[in-house]
Number of protein chains: 2
Amino acid sequence: MALDQVLATIDKNLDRSIERLFSLLRIESVSTDPAFAKNCRAAAEWLAKELASLGLDASVRDTEGHPMVVAHSKTQGAGPHVLFYGHYDVQPADPVALWETPAFEPQVKTVGGRKIIVGRGSADDKGQLMTFVEALRAFVEAEGKSPLRVTIMLEGEEETGSPSLAPFLEANKSELKADVALVCDTDMWNDTTPAITTMLRGLLLEEVIVKAADRDLHSGLFGGAAINPIRLLGRIIASIHDPEGRIAIPGFYDGAGELDAEIKAQWTSLDFSESKFLGEIGLSQPAGEKGRHVLEQLWSRPTCDVNGIIGGYTGIGSKTVIPAQASAKFSFRLVGRQNAEAIRDAFRDFVRKQLPPDCKAEFLSHGASPALQLPLDSPYLKKARAALAAEWGVPAVLKGSGGSIPIVGNFKRDLGMDSLLIGFGVDDDRIHSPNEKYNVSSFHKGARSWARLLDALRS
Amino acid sequence: MALDQVLATIDKNLDRSIERLFSLLRIESVSTDPAFAKNCRAAAEWLAKELASLGLDASVRDTEGHPMVVAHSKTQGAGPHVLFYGHYDVQPADPVALWETPAFEPQVKTVGGRKIIVGRGSADDKGQLMTFVEALRAFVEAEGKSPLRVTIMLEGEEETGSPSLAPFLEANKSELKADVALVCDTDMWNDTTPAITTMLRGLLLEEVIVKAADRDLHSGLFGGAAINPIRLLGRIIASIHDPEGRIAIPGFYDGAGELDAEIKAQWTSLDFSESKFLGEIGLSQPAGEKGRHVLEQLWSRPTCDVNGIIGGYTGIGSKTVIPAQASAKFSFRLVGRQNAEAIRDAFRDFVRKQLPPDCKAEFLSHGASPALQLPLDSPYLKKARAALAAEWGVPAVLKGSGGSIPIVGNFKRDLGMDSLLIGFGVDDDRIHSPNEKYNVSSFHKGARSWARLLDALRS
């Protein structure tokens, strides 16, 4: 069987694959520090050369910042056109003194029975992106070509907020548009259980400024008669959640839906310790909707948080002022088919209804993006689940992500593509920290996972 | 009758009294600007000389800042020993361009049928303090001496928060302690209705810092599970007042008492326009306890205000953070015999009871002072009411003051003296503003009022 040959090639080449990854890891492509700009370019050029050697049309493309690497397979193939995304830039090594071996001198070590690759970027994201490159290499070596039409896009600004990404997508829409995106920058559930992130919460950002008297007032001369906008804002904040932790804004849950029973059963059965998760941040009790599992609260339930509040005197000591205004920044995490614009309107109405005659509210919008959800019946998802289950021997966890992953929004919005978020990182990879590592098993079985998925997609 | 002679002397001397006031007004004793330090001293020296000319032992006493003027009558007299307080320092003239005549070139003008003295300090407080000096002068002229044992203390730092006052009182306790203080820095009810301020609200200042997780959290990764301290603080703020505007902290109203029926009737019958009062600050509805007259809300009812709040991200735009903490500054205005320390404890308990297990609160105290209230049956108050009613032909309004007047607290706390707050300013005196003025009738009848009171006190 063709797949077996490809997998055998991956196995046989593992040491050389690791050597190639080491070459990339040695390039200090720190995007956050302009002093490393030439190293970033060097990493881009190294990758373009590597991809060209696999028979792809590969190029380094300039942007306002660090360059993009774009490569196209010459194969058309029977299956879908896939766009693979990764990033070659890394975080600085600081604090350098805490690294046990130098950040940019990668090594394989055995720690607690696990073989690991240690070095900056080993997990985030050079090790991850190379799982895909090595899978592709195995196809080329075993079969002479890419199994599908593949486009690879690797950016060099992920650690600085991807400023060039959206303009690049916009300028190269027709070149980059594929049937589905493969994004390799996420984690497995644990060392031996793969995961696919299929739900990403959306985000609505609103700021409210409550205004009362036309000037700051002396609280002695006016206190007791003049309305205090901080008190009103406190009342508004207090009114947003009911005693069950549900959000009381009318219509807020429209379209939020309920978690699929299969996924709910999976999440409930995971070896997830609520007390460990909360304990790590100094908390002990989930504060969200009552009767919901913490993973549900984080991944599949909408929220409202106040991210900032300010009003009156906030310096040292005291000042007896009744301020003319007070303001708060609210963020709503959205799920399912919740309509961000409708919720914005409902929130504003909800606030306005609480304003006494002498107060008014001004609203500032800081953005709105809907939740993203890969349907359970997506054929890509089905094939990915099968491929991962075959490789790892256990079903993939279908995870949510409480926060947004901007690239996925860009792909959906700008290129009309769903994304399969599959990655092989694990919790203790220490990304962004000293002694970043990547499991050798993640690297090896990651490549095998991609081989299985690419094989499944073409059939 | 002796008093008639004294009053006739005041009447006869009016023009010369105004001339003397002008001499004082011409001295630019601006305390807020160090460039005018020598002018402040000049004003102090002018006053000491003036008081010495009336037969008092008068001296200019150095402090860390501007000097004090202290003068003692040689008369022992039959009545109580009174301490008169005023201040000779003034606000800067700025904005100078808005003065119709120069700030330090006082003039008598007739505007809208009213004779007024225009100039910086005419009302605040040189004009006011000179009413007492002129009354004393009339006694000396008519009878050869002060009618009572009188101590006069005039400070030069009132407009800068009186930094030297408390140390000066502390250092000169036995010299300054009298039976009752006369403080002339307040207003009448209107041009023709005198007032005595008999109630001063106390003040309790508390800051609360609510802490939750041990670090700032990403609201995507933790939102829905992690408790948000801003939300909790909002809930605490919202819980302080009940729907009737009453404060829900247990025991808060202990000792607050109810307004004396006579005073309540007086306040209710005053020509006070709620809508005008609130309209001037852009409001239309009293926001305090329901069913209470606005003057009651301001003068004789306790309050709780939030003077400041801060937490999380407060810059431009948005940041999806769940902050580790949020804080608010609270002030309580106290009345009657409310116990500031007991209320502090009750407030802290009230906050602590609302803390979920994962949150804690820290408290900072920024001071506590009880309300001051002159008992209606005080013999000094009775004589003052009679004296003012005799002079003005209408009863004096017994006012409250929503804010504290620090000197009164100092006299009570440091010297164990009650204060009679009697002043002849009116609403439109424009103190601290361009074109400050003082009604000639205030100046003239103010001096006559003091003469009547001093006469009443000695008998």
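Okay, quick word on terms before we start: when I say helix, I mean a DSSP run of H or I that is at least four residues long, and helices are numbered from the N terminus. And keep in mind that what we're looking at is a predicted model.

So, chain A, and let's go to A:Gly251. This glycine sits in a loop, with α8 (229-240) on one side and α9 (261-269) on the other. Who does A:Gly251 touch, if we skip anything within four places in sequence? That would be A:Ala342 and A:Ala346.

Zooming out, chain A splits into domain 1 (2-199 + 372-458) and domain 2 (202-256 + 302-369). Their C-alpha centres are 42 Å apart. Each domain puts 4 residues into the contact, and on the domain 1 side you get 4 polar residues, with no nonpolar and no charged ones.

Over to chain B. Here I'd like to show you an open sheet of 3 strands, antiparallel, in the order β4-β5-β18. β4 (107-111) and β18 (437-439) are the edge strands with a single partner each, so each has one side with no neighbour in the sheet. From one strand to the next, the twist averages 35 degrees. β4(B) and β5 (residues 114-118) are joined by 5 bridges, and B:Val111 is found opposite B:Arg114 of β5(B). Then helix α15 (residues 440-458) of chain B packs on that sheet, touching β4, β5 and β18, at about 55 degrees to the direction of β18(B).

Notes:
Residues numbered from 1 in each chain as written. Chains lettered and ligands numbered in written order. Predicted model: local features only at pLDDT ≥ 70, side-chain atom pairs only at ≥ 80, totals over all residues. Helix = DSSP H or I, 4+ residues; strand = E, 2+ residues; numbered from the N terminus. Contact = placed C-beta atoms within 7 Å. Domains from an automatic or database assignment. Nonpolar A, V, L, I, M, F, W, Y, C, P; charged D, E, K, R; others polar. Pairing = 2+ DSSP bridges. Axes fitted to C-alpha atoms, helices over the stretch in contact; angles between N-to-C directions.
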